[in-house]
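Please open the structure in your viewer and keep the selection tool at hand. The tour goes from one selection to the next and says what is there.

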Amino acid sequence: MRCAMADTDRHLTRFAGRIVMVGFGSIGQGVLPLLLRHLDIEPGQISIVTAEEAGRAEAEAYGIKFTVMPLRKGNYLSVLDPLLGDGDFLVNLSVDVSSLALVEFCRSKGALYLDTCIEPWSGQYTDTSQSPSQRSNYALREKAMALRTKYDGGPTAVLTHGANPGLVSHFVKRALLDIARDTGVETATPKTREEWARLSSRLGIKSIHIAERDTQVSPIPKAIGEFVNTWSVDGFVGEGCQPAELGWGTHEKHFPVDGHTHASGTGCAIYLARPGASTRVRSWTPNEGPFHGWLITHGESISLADYLTVKEGGQAKYRPTVHYAYHPCHVAVLSLHELAGKNWKIQKSRRLMMEEISDGMDELGVLLMGHAKGAYWYGSQLTIEEARHCAPHNNATSLQVTVAVLAGVVWAIENPGRWITEPEEMNFERILEIARPYLGNMIGAYSDWTPLLDRGLLFEEDLDEEDPWQFKNFRVV
């Protein structure tokens, strides 16, 4: 087992304030023991506010106060006001609770904040009175970035710091330095956004996939009318039913026929007029090899593309295409197929695979393509056995998220006055230092794979054979 975080080796991060966890699903239950392991904190300093009874026994076993109280527009201020003050920390792991409302509340109280994605209030994703652009992750991020200018600073509020979005942005920086080293491009470690973007441009990076393959299995088969997954069913269905979103690279020559741009903001991303859960793309990981994944909307597709943009005269001269390419576990694939057949109405029965998992791994990394060596994947190959050895209440998928939450919390405590902060703006070396012992086999692997490999066998036409890294070559039609 590769988990090297023995109790005697830990450095405890001192935190004197209170921590309020909003939401206590699989990620909340998985991160709680990590917070208690790595923070110099007493259980009485932590409290949980959640919408459901799930997890009460786990919380109370640690001596944590557990309150069932769904947060809504009309009550979140009165519920949270007595629980948070100056120097405290709100860790938001909920769904259907506005991240931006909680960020502004925390600023008013002088409290730190972290979430794993930017969530709207319940119903916004399906509010047809708003356009798909207005309901997109792109729009949510633009509203979050507007808080930077609305206020003159504030306590650190870390946005979108789970596994992805979050941890994968740090993987990208490590991968860029690896590729520079291996291709003879001399560079010091970049210190600014502009330096990272220019390094990516110098290396010739055209496309970046967050390439993930989950092979965890259970002896319990999926039932008809049941959605099964290794992480939040509601979270996966919610983002899967949103339009597919991707950062749009400056090298792209073929705009998708169902593609749309946004009328405002940075213009770094586009969306497709179809759900991400019905949009497949070709990708590659070292263990799986080539596979078809789903282009699910994720915040890192937008923030990474924006962060790595080189501008001259106010115009984007370089930007890579960035998107998620996700192949979930087998029963989740069957669940998606059934969901689509029911016109995206979620199944009545839902099951989270945790203790029942018998084998498999989550292979999560970033695939950087277009450089002198072709394609390079860097990331985590974490087995279920390793995950269970490292931390209770986790599977391989959840541990990659929970350790990223832990690392983000520690970083925020160490950097308390940064106000709105995205993963790309954090110290990637510090984050990986905290997370690495929990991530199983961390590898970097080069490949000669391209999305054109063996395509002639399929009698396909309309491919761009001059530039394999065009989005139209990745897309499965």
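Select helices H5 and H9 to begin: their crossing is right-handed (a crossing is right-handed if the near helix is turned clockwise from the far one by less than a right angle, and left-handed if anticlockwise). Helices (H or I, at least four residues) and strands (E, at least two) are DSSP runs, numbered from the N terminus. This is a predicted model, in which local features need pLDDT of at least 70 and side-chain atom pairs count only at pLDDT 80 or more, while totals for chains, interfaces and linings use all residues. Residues are numbered from 1 along each chain as its sequence is written, and side-chain values use heavy atoms, with hydrogens and water left out.

The axes of H5 and H9 are 9 Å apart and meet at an angle of about 60 degrees. Axes are lines fitted to C-alpha atoms, for helices over the stretch in contact, and angles run from 0 to 180 degrees between N-to-C directions. H5 is therefore oblique to H9 (under 35 degrees is roughly parallel, over 145 roughly antiparallel, 65 to 115 roughly perpendicular, and the rest oblique).

Next, select the residues in contact (heavy atoms within 4.5 Å). On H5 these are Asn 137, Tyr 138 and Arg 141, and they meet Gly 299, Ile 302, Ser 303 and Asp 306 on H9.

Keep Arg 141 and Asp 306 selected. They form a salt bridge, with the closest N and O atoms 3.0 Å apart (a side-chain nitrogen of Lys or Arg within 4 Å of a carboxyl oxygen of Asp or Glu). Arg 141 in H5 and Asp 306 in H9 are 165 residues apart. Are these two residues buried or exposed? Arg 141 is buried at 5% relative accessible area, and Asp 306 is buried at 8% (buried is under 20%, exposed over 50%, partly exposed in between, with a 1.4 Å probe and protein chains only).

Now select Asp 234 and Arg 350, whose side chains meet in a salt bridge of 2.6 Å, N to O. Asp 234 lies in helix H8 and Arg 350 in strand E19, so the pair ties together parts 116 residues apart in sequence. Asp 234 is partly exposed at 38%, as is Arg 350 at 44%.

Last, select Lys 109 and Asp 81, another salt bridge, at 2.9 Å, N to O. The count of salt bridges comes to 24.
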